[in-house]
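Welcome, and thanks for taking a look at this one with me. My notes follow as numbered points, so please keep the picture open as you read.

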Amino acid sequence: MSFLLYLIIGGIIGWIASLILGRNIPGGIIGNIIAGIIGAWIGGALLGDWGPQVAGMAIVPALIGSLILVFIMSLILGAVSKGRDNA
């Protein structure tokens, strides 16, 4: 049950990050879950585990890490799509 809650929280965090930045994550729900979980790891590594925690995931660092990840992914995917358009 804890793993399922972890996936749900990861998906919500990834979705919120994409809403804040106004950029979509490829892969829909799966992309949001992956962005939320990897973002939680990035945020935890950079900022530690402070703030409220749900399912063992610190919400504030996870959201900040997801914002960083979504922004970098959108820059990379935008550059790739521009490269395809020029070819």
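**Notes on the chain**

1. S18 touches R23, I25, N32 and V70, not counting residues up to four places away in sequence; a contact here means heavy atoms within 4.5 Å. S18 lies in helix α1. With V70 the separation is 52 residues in sequence, yet 6.6 Å in space, C-alpha to C-alpha. Is S18 buried or exposed? S18 counts as buried because its relative accessibility is 8%. The classes are buried for under 20% relative accessible area, exposed for over 50%, and partly exposed in between, with a 1.4 Å probe and protein chains only.

2. Before going further, please keep in mind that this is a predicted model, in which local features need pLDDT of at least 70, side-chain atom pairs count only at pLDDT 80 or more, and totals for chains, interfaces and linings use all residues. Residues are numbered from 1 along each chain as its sequence is written, and side-chain values use heavy atoms, with hydrogens and water left out.

3. Now for the overall layout. The chain has three helices and two strands, in the order α-α-β-β-α from the N terminus on. Helices (H or I, at least four residues) and strands (E, at least two) are DSSP runs, numbered from the N terminus. The C-alpha trace spans about 45 × 25 × 20 Å along its principal axes. Of the 87 residues, 30% count as buried. Among contacts with a separation of 6 or more, 57% come from residues 24 or more positions apart.

4. How do α1 and α2 meet? The axes of helix α1 (residues 2-21) and helix α2 (residues 28-47) come within 6 Å and cross at roughly 95°. The two are therefore roughly perpendicular to each other, a label for angles of 65 to 115 degrees; under 35 counts as roughly parallel, over 145 as roughly antiparallel and the rest as oblique. From α1 the contact takes in Y6, L7, G10, G11, I13, G14, W15 and S18, and from α2 it takes in N32, I33, A35, G36 and I37. These residues divide into seven nonpolar, six polar and no charged. Here Ala, Val, Leu, Ile, Met, Phe, Trp, Tyr, Cys and Pro are nonpolar, Asp, Glu, Lys and Arg charged, and the others, Gly among them, polar.

5. N32 deserves a look from the α2 side, since this residue is found in helix α2 and is buried, with a relative accessible area of 12%. Leaving out residues up to four places away in sequence, N32 touches G10, G11, G14, W15, S18 and I25.

6. D49 gives a contrasting view. It lies in the loop between α2 and β1 (53-54) and counts as exposed because its relative accessibility is 61%. Beyond residues up to four places away in sequence, D49 touches G44 and A58. D49 and W15 are 34 residues apart in sequence and 21 Å apart in space, C-alpha to C-alpha.

7. S74 sits in helix α3 (residues 59-86). At 18% relative accessibility, S74 counts as buried. Its side chain reaches the backbone oxygen of F71 at 2.8 Å.

8. Finally, the record. An unreviewed UniProt entry annotates residues 6-22, 29-48 and 54-80 as "transmembrane region"; such annotations may be inferred rather than shown by experiment. In the model, residues 6-22 are 94% helix and 0% strand, with end C-alpha atoms 24 Å apart. Residues 29-48 are 95% helix and 0% strand, and their end C-alpha atoms lie 26 Å apart.

How values were computed: A polar contact is a pair of N or O atoms within 3.5 Å; within protein, one must be able to donate a hydrogen and the other to accept it, and residues adjacent in sequence count only if both atoms are side-chain atoms. Axes are lines fitted to C-alpha atoms, for helices over the stretch in contact, and angles run from 0 to 180 degrees between N-to-C directions.
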